[in-house]
Amino acid sequence: MKPGVRPLPEVLLVEDNPADVRLTREAMKEGKIDSNLHVVGDGQAALDFLRRRGAHEQAPRPDLILLDLNLPKKSGREVLAEIKKDKELRTIPVVVLSTSRADEDVAGCYQLHANCFISKPADLDQFVDVVQRIETFWLRTVNLPERG
Amino acid sequence: MHQLLRRQLKKHAPFGPDEVPDELSALLEAVGAAYEQADFDRGVLERSLDLSTAELKEKNAVIEEQKTDLVRSNDELAQFAYVASHDLQEPLRTVQSYLQLVKKRYAEKLDRDGAEFIDFAVEGATRMRALIESLLEYARVTSRAKPLEATAVDPVFDEVLLALAARVAEEQARIVRGVLPTVMADRRQLAQLLQNLLANALKFHKKGVNPVVHVDAERRGDEWLVRVKDEGIGLASEHREKIFAIFQRLHSRDEYEGTGVGLAVCKKILERHGGKLWVESTPGEGATFCFTLQAVPELPDDGGAS
């Protein structure tokens, strides 16, 4: 990336619940950071997107992955495990965003090298706040590796 | 003649089995009869032994089956806990968020009734979430049980006080702690037990009176009796059992917050610890919650020999 040229960050949201997809979009719209939000609805599609397979041949490499755990076809855990096993993909930060607060889910995801685990708050304002904090932190505060 | 007798006569007697002298024949007949009786008795014994072995096998099979059932029901409970924490919460969260979004986006289009209806719906969803969380907490007493270990109550109590610090400050409560023992407990559940009892003691204080809670312990044989005594509103004797049932509440939610699970969780924790939990109270004069836990068994002193 050349200094001064800052392309829009690419964010991949892996979420099967359309209500949550919309809510995340709304929250991001209200936030200060512009980004391209790509959405896939199941674990298999997430891996296809990341490996530019099938319908996702032209997919960009995301700068950030927001991953739900309860997904059809391939679960969030499986997707996380595959990403972190893959030399090319493991440098992309994965934020697990789940309804669960179960200790076994939290511990399990960190075991699989999730970059962080966040329980989705039920309260709308808190949810918006969480999404915006994720954006600010992962797309502004931290230094990310250059896109491969 | 019995075979064995016949063989022995052949071996040892100066006469053959078929040449028994008359004077011995009565005796030998009696010996032969004794042999036959012995054979019969042995047969009976063997059959009854076979029978009891079979019975034992059957009983073992039943026990094995019950064990499998128990493991399965435990697994199911753990599974339920997971389902409750995720699958039931998610749709509820969606309901709550979108109601709030409607209220926020369309505030100026809603009249007072509309806004009020949405508030009721949000409140309902919030309460449902609290109930699910409580049910989960109740299920976890079993599904997350850890073995009992010698546990000093004092540091656990410190943690609980830290967790309740905000409420203690808010209520300007005074908590008086006596000397607390070391007991056999699952540490995390002991903390939960103390926290629920203390939170109750803080909650049910008389209006306008700052809560005062005394906590102390007393040795009773192999057990420790721990008392959590408050000076709050107390409860009538007919409610002394009822309060430990899940989702049972004595007060409206306007008066006192809560889902009615705290004491049910306490009861369940003590059940799995082999202890008891009860309340002594006079209405208007406070309540004392008492529970018993096993003391740490003393190692027999054998003079240093191992």
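Visitor: How do the residues lining the largest cavity divide into nonpolar, polar and charged?

Guide: Keep in mind that this is a predicted model. The lining of the largest cavity splits into five nonpolar, three polar and two charged residues.

Visitor: And which residues are those?

Guide: They come from chain B: Ala201(B), Phe204(B), His205(B), Val209(B), Asn210(B), Pro211(B), Val212(B), Asp230(B), Glu231(B) and Gly232(B).

Visitor: What volume does the largest cavity have?

Guide: About 50 Å³.

Visitor: How many cavities of 30 Å³ or more are there?

Guide: The count is two. The second largest cavity holds about 30 Å³ of space.

Visitor: What lines the second largest cavity?

Guide: Residues of chain A: Leu13(A), Glu15(A), Thr24(A), Leu66(A), Leu67(A), Asp68(A), Leu97(A), Lys120(A) and Phe127(A). That lining divides into five nonpolar, one polar and three charged.

Visitor: Which domains of chain B does the pocket lining draw at least three residues from?

Guide: Domain 1 (86-143) and domain 2 (149-294) each supply at least three.

Visitor: Let's stay with those domains. How far apart are their C-alpha centres?

Guide: For domain 1 and domain 2 of chain B, the C-alpha centres lie 30 Å apart. The contact takes twelve residues from domain 1 of chain B and 14 residues from domain 2 of chain B.

Visitor: What area is buried between the two domains?

Guide: Domain 1 and domain 2 of chain B bury about 1,100 Å² between them, and carbon and sulfur atoms give 62% of that. On the domain 1 side, Arg127(B), Tyr138(B) and Val141(B) supply 56% of the area buried against domain 2, more than any other three residues.

Visitor: Switching to the chains, then. What area do chain B and chain A bury between them?

Guide: About 1,900 Å², with 42% of it on carbon and sulfur atoms. In residues, 20 of chain B are in contact with 24 of chain A.

Visitor: How many salt bridges cross the interface of chain B and chain A?

Guide: The rule finds five there. One pair is Asp20(A) with Arg93(B), whose closest N and O atoms are 2.6 Å apart.

Visitor: What about Arg105(B), which side chain does it meet in a salt bridge?

Guide: Glu26(A), at 2.2 Å from N to O. Arg105(B) sits in helix H3 (residues 89-105) of chain B and Glu26(A) in helix H1 (residues 18-30) of chain A, so this pair joins two chains.

Visitor: Last one: how many salt bridges does the structure hold over all chains?

Guide: Over all chains, the structure holds 27.

Terms used. Residues numbered from 1 in each chain as written. Chains lettered and ligands numbered in written order. Predicted model: local features only at pLDDT ≥ 70, side-chain atom pairs only at ≥ 80, totals over all residues. Heavy atoms only, no water. Domains from an automatic or database assignment. Contact = heavy atoms within 4.5 Å. Buried area = accessible area lost by both parts, 1.4 Å probe. Salt bridge = Lys/Arg side-chain N within 4 Å of Asp/Glu carboxyl O. 1 Å grid on protein atoms, 1.4 Å probe; cavity = no way out; pocket = protein on both sides within 12 Å on 5 of 7 lines; lining within 4 Å. Points joined across faces, edges and corners; volume = space filled by probe spheres on them. Nonpolar A, V, L, I, M, F, W, Y, C, P; charged D, E, K, R; others polar. Helix = DSSP H or I, 4+ residues; strand = E, 2+ residues; numbered from the N terminus.
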